[in-house]
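Let's take a friendly walk through the side-chain contacts of this protein. Have the structure open beside you as you read.

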Amino acid sequence: MAGNTSESVFLVKNLDVLSELSKRFLIKKRVLDHFFRCESLTNGDKSVIELSHFLVKNIAKQTHVPEILVLDVMSRFLKEAKAFNEMLRSGYIAWTPERKRLYRKVRVYLHKAYKIAPVFDYQRAKKNLELLHVLLGRRFFWPHVPTQLALIIFVTDRNDPNLANNNYILQKNLRAMCSCSAYAFHMARNKLKINKSGNL
């Protein structure tokens, strides 16, 4: 969500009251928020994209963030996203049948996803994780951790009261970030009766 130019000037130039870390976080959030909702994280072969000058220029234009900052944010993000995606896809996440331990494990990965791409409300996502695990327990249905992550972020984003014009995270980006196949995502969503609006 690009916002307007005056907001962006305030964001980039006039945040003297905030720490350098806070400024970087707000810029990262703005850049990645636009990217997840308007651009594609993957190529045709489902691999994570390589950063291009065209993409940097386009994001800079849409978000009113200087190109040098967009380049820095996107370079770091794509590197971290690839590593996160590969780790989730590797199958090295040990499954635990004990529900409290499984909840903690999913919460850890949810926090990792938020640190890499702060494009959803993390506090609301944690509450949605609790509700999801109650629902999964009632259905006796426990999808893999990547699928749970994708569902939590999907529901959190679709029910964000601050979101304007239904400008949702693109599902293909959400699934790619969480290393969740379209089949696993939609099968789990249908089994749990979660509609396209992220509601039961």
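## Ground rules for exposure

A residue is called exposed when its relative accessible area is over 50%, buried when that area is under 20%, and partly exposed in between. The model shown here is predicted.

Let's begin with Glu 50. At 58% relative accessibility, which is over 50%, Glu 50 counts as exposed. Glu 50 makes a salt bridge with Lys 82, and the closest N and O atoms of the two are 2.9 Å apart. This pair links distant parts of the chain: Glu 50 sits in the loop between helix 2 and helix 3 (53–63), while Lys 82 belongs to helix 4, 32 residues apart. Lys 82 has a relative accessible area of 27%, so this residue is partly exposed.

## A buried charged network

Side chains of opposite charge can pair when their charged atoms come close. In total, the model has five salt bridges.

Take the contact between Arg 37 and Asp 33 to start with: their side chains meet in a salt bridge of 3.1 Å, N to O. Because these two are four residues apart in helix 2, about one helical turn separates them. Arg 37 also forms a salt bridge with Asp 157, where the closest N and O atoms are 2.9 Å apart.

Asp 33 is buried at 9%, and Asp 157 is buried at 4%.

## Aromatic pairs

Now for the rings. The count comes to seven aromatic pairs. In one of them, Phe 35 and Phe 77 have ring centres 5.8 Å apart and planes at 65 degrees, so the pair is edge-to-face. It links distant parts of the chain, as Phe 35 lies in helix 2 (residues 20–38) and Phe 77 in helix 4 (residues 67–89), 42 residues apart. Both Phe 35 and Phe 77 are buried.

Phe 154 and Phe 185 make another pair: with ring centres 5.4 Å apart and planes at 85 degrees, the arrangement is edge-to-face. Phe 154 is part of helix 7 (residues 145–158) and Phe 185 of helix 9 (residues 182–191), so the pair ties together parts that are 31 residues apart in sequence. Both of these Phe residues are buried. Elsewhere, ring pairs link Phe 25, Tyr 114, Phe 120 and Tyr 122 into a cluster.

## A nonpolar cavity

How many cavities of 30 Å³ or more does the model have? The count comes to one, and about 60 Å³ of space lies in the largest cavity.

Phe 120, a member of the aromatic cluster, is also one of the residues lining this cavity. The lining includes Phe 36, Ala 113, Ala 117 and Val 119 as well, and also Ile 153, Ile 169, Leu 174, Met 177 and Cys 178. Helix 8 (residues 171–178) supplies the largest share of the lining, three residues. By class, the lining has 10 nonpolar, no polar and no charged residues.

Notes
Residues are numbered from 1 along each chain as its sequence is written. This is a predicted model: local features need pLDDT of at least 70, side-chain atom pairs count only at pLDDT 80 or more; totals for chains, interfaces and linings use all residues. Side-chain values use heavy atoms; hydrogens and water are left out. Rings of Phe, Tyr and Trp (its six-membered ring) pair if their centres lie within 6.5 Å; planes under 30 degrees apart count as stacked, over 60 as edge-to-face and the rest as tilted. Buried means under 20% relative accessible area, exposed over 50%, partly exposed in between (1.4 Å probe, protein chains only). On a 1 Å grid over the protein atoms alone, a cavity is a set of points where a 1.4 Å probe fits but cannot get out, and a pocket is an open set with protein on both sides within 12 Å along at least five of seven lines; lining residues have an atom within 4 Å of a point. Grid points are joined across faces, edges and corners, and a volume is the space filled by probe spheres set on the points. Ala, Val, Leu, Ile, Met, Phe, Trp, Tyr, Cys and Pro count as nonpolar, Asp, Glu, Lys and Arg as charged, and the others, Gly among them, as polar. A salt bridge is a side-chain nitrogen of Lys or Arg within 4 Å of a carboxyl oxygen of Asp or Glu.
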